[in-house]
There are 2 protein chains.
Amino acid sequence: MSEIRKHYFLEKYCIIARARAKRPTDFVKEREPKPKPKPETCSFCPGNEDLTPAATAVYKYESNKLTIQKDEDNKQVKNWEVRCFPNRYPALPGHEIIAETPDHEKHPSDFTDDEITRLMQVYSDRTTHHLKNTGTEYVSLFRNHGRDAGASLSHPHTQLMPMPLVPPLIMQELTAIKEADRCPYCDIVEQESGGERAIIENDHWIVFAPHCSRSPFEMWMLPKKHISSITAPGCLTSLGTTLRDTLLKLKTLLNNPPYNYMFFQMDNSSYHLNIRIEPKLSIAAGFEKNTDVYINTMPPEDAARSLREINAPLKI
Amino acid sequence: MSEIRKHYFLEKYCIIARARAKRPTDFVKEREPKPKPKPETCSFCPGNEDLTPAATAVYKYESNKLTIQKDEDNKQVKNWEVRCFPNRYPALPGHEIIAETPDHEKHPSDFTDDEITRLMQVYSDRTTHHLKNTGTEYVSLFRNHGRDAGASLSHPHTQLMPMPLVPPLIMQELTAIKEADRCPYCDIVEQESGGERAIIENDHWIVFAPHCSRSPFEMWMLPKKHISSITAPGCLTSLGTTLRDTLLKLKTLLNNPPYNYMFFQMDNSSYHLNIRIEPKLSIAAGFEKNTDVYINTMPPEDAARSLREINAPLKI
């Protein structure tokens, strides 16, 4: 039978619909072989730097040392590792693209330790950079993977959107956190640690399928220590490798599904950083739009078991 | 430039992204020709009544009079106009399917006045029926049209989901309404009437593209009179024909796009019935999931103008 579950600390609900439950393999789609655009057609690929606005931060090795440079008038930095530049079609001023690698085909699930650690450093640097601007109240940091998850270009990239307001989702959580005796996320870490919904756990992080999963194979990644954002001291320790290992499990189990991941964070606040990974395997339809209650055909306990059992190589 | 817009009376926001603005024709997809399943493969088609659970309400003419009947043990009512039966894979107990017509190919946008008026009567009857059950706090009434909008079967149908709780979306609105001096929806009727976002207007209803449209061609349909639900006296007057005319404009302008429509209502309350029609033409991606702020590339004023100008035949 179906079960209505409540969010850990918000008035949000999902329905775990066991009558409709599926096996993990039911979510595996034959993905089309990835189209390989010729390098000249991808404006994020090396050699095409002049097809984007001037880069605002380019991570590049000079004499074995990682440096941060900028494009200058008609002179783009070449031979980069990570390249940050304004979106040509910004949804808001400051909307930034982070091209994660020069390799058109290599996504974070397949990054080396060094590559993924560097990317997290870039996330932290760019968040700090944008938060310095007067009027920026929040920096939304997110990744869309695959066309069904909203990625219109296939070159590996993350997006960053500075916002002049604290978004409603975060505001709602901050209000609930203020009213609580202690941090609800710290409670969640305690509750999910070593449990049936845990997927990856190490000294610093826990990855689990939330009790109130709204969609199949939804995962949350929480720092065990109470820190409010990726810019907090110590946050980067094993952040990247844990995220990479999570993505690799997902890719392996479900044949490279489309997904979004999002950083929920709020500098200098009582908020507890959390990263949510949501594979795009279901459709929010009329019922969800009418109620904000989500029907999920994959019990998170089953999703976690399948993901836990995947022995994705921990190092490439 | 982009513009952040706030919801009429809630702390919700959208971004109207003019830098990414498109023309209506950019949203027109070549739809695949509709697959025509052989009658024996569609469990909602006449002749296949034994493939569904026993019908709980069957609308059928007997001697030119519309009657409501029920399936009995191994004896299904045949030659029906509208057929209501339990979903074989219920997300919640009571989850009901309303097969809107015996015609596998005929959707509400193409219904005659009589057909669409009858369907609204069924919506009202079934809502009333389910609300009588102890423990039912809300009846979600919604339609998914097209695979991309979550319709897994193509036979024209609506769904109805009785719920043991008032969904968060409605609760949030009720709280805001309680705090307001007068009904915010009555204010909206006044504000949008005769304006640049109006699409259809008659004595009883207004259809418009909301100021804070979260997705391209989103439409709201409000009764001009303050009534709380489809079961209220007088509600059915021109409800069906206005909804049908709206759907026909949408179908004509955008080549039969996938969409959802949802009834937002709350019997015996201060709530103001509203129906929302949301074509599924964009993807809620990482940014939306991170913030609950929606990027919309189609300004509602432009959407309304295009829809207004469509001279869809008002009667079939």
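1. In chain A, helices H1(A) and H4(A) lie roughly perpendicular to each other, a class that covers angles of 65 to 115 degrees, whereas angles under 35 count as roughly parallel, over 145 as roughly antiparallel and the rest as oblique. Their axes, those of H1 (residues 113-131) and H4 (residues 239-254) of chain A, come within 8 Å and cross at roughly 115°. Axes are lines fitted to C-alpha atoms, for helices over the stretch in contact, with angles running from 0 to 180 degrees between N-to-C directions. Helices (H or I, at least four residues) and strands (E, at least two) are DSSP runs numbered from the N terminus.

2. This is a predicted model, in which local features need pLDDT of at least 70 and side-chain atom pairs count only at pLDDT 80 or more, while totals for chains, interfaces and linings use all residues. Residues are numbered from 1 along each chain as its sequence is written, and chains are lettered from A and ligands numbered from 1 in the order in which they are written. The mean pLDDT (the predictor's confidence in each residue, from 0 to 100) of chain A is 93, and 95% of its residues reach 70 or more. The ipTM and the pTM of the model are 0.95 and 0.95.

3. From H1(A), A:Asp113, A:Ile116, A:Thr117, A:Leu119 and A:Met120 meet A:Leu239, A:Gly240, A:Thr241, A:Leu243 and A:Arg244 of H4(A). Five nonpolar, three polar and two charged residues make up this contact. Here Ala, Val, Leu, Ile, Met, Phe, Trp, Tyr, Cys and Pro count as nonpolar, Asp, Glu, Lys and Arg as charged, and the others, Gly among them, as polar.

4. In chain B, the axes of H1 (residues 113-131) and H4 (residues 239-254) likewise come within 8 Å and cross at roughly 115°. H1(B) is thus roughly perpendicular to H4(B), and the crossing is right-handed.

5. Between the chains, 39 residues of chain A are in contact with 39 residues of chain B (C-beta atoms, placed from the backbone, within 7 Å). Elements of chain A that each supply at least two residues to this side include strand E7 (138-145), helix H2 (168-179) and strand E12 (259-264). H5(A) gives the largest share, five residues. By class, this side of chain A has 23 nonpolar, nine polar and seven charged residues.

Note on methods
Contact = placed C-beta atoms within 7 Å. Left-handed = near helix turned anticlockwise from the far one by under 90°.
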